[in-house]
Amino acid sequence: MIALKTTLAGAVGTALIAACVLALAPGLNAADAPTGNPEAGKEIANDRKLGNCMACHVMPDIESPGNIGPPLIGMQARYPDKEKLRAQIWDATVANPDSSMPPFGKHGILTEQQLNDVLEYIWSL
Amino acid sequence: MNKIIMLTAALVMVLGLTWGGVALATPQADQAIWQSYYQKRFPNVPKEDFINGVYAIDPVSRESWEAIEEFPPYEMAISQGEKMWNTPFANGKTYRDCFPNGPAIAGKYPYWDKERGMVVTLPLAINECREANGEGPLKYKKGPIADILSYLRYQSRGQLTKVEIPEDDPKALEAYEKGKQFYFARRGQLNFSCANCHVQNPGNLLRSDILSPALGHTTHFPVYRSKWGEIGTLHRRFSGCNKQVRAKPFKVQGEEYRNLEYFLTYMQNGLPLNGPGARK
Amino acid sequence: MRTHHFSAGILVAALAAGLPTGSWADDQADFEKAMTAAREARKKAATVGGEWRDIGKFLKQAEQAAAKGDFATANQLAEKARRQGELGYEQAMSQKDVGLPAYMIAGSK
């Protein structure tokens, strides 16, 4: 019984160390690890009561989109740093106080998971 | 000591003059900026044409709107309102007893009532007239209030918007300032101010809708909106906008919306009244 | 070990009798605490004109969930309402001195 417990503790410890090493490894920080699902993100982005991105942005597969914000294309070129894009969706008024974009994260319009999903989708455009 | 005060005063004056519109934000200066902003943004639109809302800046939808205006959807409301105007209350008196200069009185509203220390709007005055004569007040968003407003505003067509902010009462200026703050304050979960859409983005597309410029925004109410399928009042529209940005709407004809109407109507001074109107 | 079995026995008996158990009473108390906090946050936002549209709806839904014994949902909704009250208050305070924006003044020249 005691032996079994020790083995278990050892295994858990190893796994923890492995997780830490992974997290610290260059190029594999939390921002780059895909925590969102782009397919789910597309649905959320196109949902009128959630993302409703097309109210203001030209986007793929959307008829008569709005043009208040810039078209959502070439996103990885515009935002090489994915975290910057995330910050923009979280609260665009931080970077530009006059921005009329709703603060999807700060105001809880999307949940953390939904925001991560949308981030993956938008970043893929 | 005196020198320091004088110096400071001089400095404040110089800075004030340099900052122009910011430090010397009088209602007159605000209004000049407001009206010039839209004319600079839409240089091909004659100033008076802004009373036609989005149709002033969008020739495509203007055509179908003009067709609608040939058989206006608010005609019934005008004749209903006329009937109301001419029908005596239970006590034998009529609206004319309250409004001896009626029915063409819309240009007088909203105004600052010094004795009461508040902005008085036309719908408020109508209900106060009713209550003074033993009649129940009308609901403020739609229905009979929109009918009588349609009649009064139709009779007032062509009068010029001429809101006054009396300089001898600082409370009037305070009400104006509150209305202005309301207009430019972001609110609701979506974090939009009135200005985000109608100052910053008129002419741009919100999905397939062209956002209308705020110059002229008060002249055509009450309005038949296709979206409503009926006529509604200005405060109903305020309330709807607030809900759309996910803010809790304020009481119609409450202090917030009356102050907002005071500010917003003052911004349109000089523009002719053309209500009732028809809009998408 | 024996005491453990004993208290478990009481719990089962209490449940069977339909009496409020300690944990139900705790849940109810926690929920009420969350609701009080939410109502206060809502009121605070309202005093500065910063209340958001759906707070009232969340509070109602929270009460309904609690009445059904679904305290997880109830607390989540109460928490969401409280958060919105706080955000609405912060938002209103951040906007209290706004006037004609710089882009409008610049655009008028």
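This is a predicted model: local features need pLDDT of at least 70, side-chain atom pairs count only at pLDDT 80 or more; totals for chains, interfaces and linings use all residues.

Modeller: Residues are numbered from 1 along each chain as its sequence is written, chains are lettered from A and ligands numbered from 1 in the order in which they are written, and side-chain values use heavy atoms, with hydrogens and water left out.

Colleague: Which residues in chain C lose the most area to chain B?
Modeller: Contact means heavy atoms within 4.5 Å, and here it takes 25 residues from chain B and 18 residues from chain C. In chain C, three residues together account for 30% of what that side buries: C:Arg53, C:Leu100 and C:Met104.

Colleague: How far apart are the closest N and O atoms of the salt bridge that B:Lys248 forms with C:Glu51?
Modeller: A salt bridge is a side-chain nitrogen of Lys or Arg within 4 Å of a carboxyl oxygen of Asp or Glu. Between chain C and chain B the count is 1 salt bridge. In the pair B:Lys248 and C:Glu51, the closest N and O atoms are apart by 3.8 Å.

Colleague: How many residue pairs are in polar contact across the interface of chain B and chain A?
Modeller: Here 16 residues of chain B are in contact with 21 residues of chain A, and the two chains bury about 1400 Å², 47% of it on carbon and sulfur atoms. The salt bridge count between chain B and chain A is 0. A polar contact is a pair of N or O atoms within 3.5 Å; within protein, one must be able to donate a hydrogen and the other to accept it, and residues adjacent in sequence count only if both atoms are side-chain atoms. With both residues at pLDDT 80 or more, the number of such pairs across this interface is 10.

Colleague: Which helix gives the largest share of the lining of the second largest pocket?
Modeller: On a 1 Å grid over the protein atoms alone, a pocket is an open set with protein on both sides within 12 Å along at least five of seven lines, a cavity is a set of points where a 1.4 Å probe fits but cannot get out, and lining residues have an atom within 4 Å of a point. The second largest pocket has a volume of about 440 Å³, a volume being the space filled by probe spheres set on the points, which are joined across faces, edges and corners. Among its 21 lining residues, B:Gln181, B:Phe182, B:Glu256, C:Val48 and C:Gly49 lie nearest the centre. Helices (H or I, at least four residues) are DSSP runs, numbered from the N terminus, and the largest share of this lining, 4 residues, comes from helix 8 of chain B.

Colleague: How much space lies in the largest cavity?
Modeller: The structure holds 2 cavities of 30 Å³ or more. The space in the largest cavity is about 240 Å³.

Colleague: Which residues are closest to the centre of the largest cavity?
Modeller: The largest cavity has a lining of 11 nonpolar, 8 polar and 3 charged residues (Ala, Val, Leu, Ile, Met, Phe, Trp, Tyr, Cys and Pro count as nonpolar, Asp, Glu, Lys and Arg as charged, and the others, Gly among them, as polar). Of the 22 residues that line the largest cavity, the closest to its centre are B:Arg153, B:Thr218, B:Phe221, B:Leu234 and B:Glu261.

Notes:
Buried area is the accessible area (1.4 Å probe) that two parts lose on being put together, summed over both. Helices (H or I, at least four residues) and strands (E, at least two) are DSSP runs, numbered from the N terminus.
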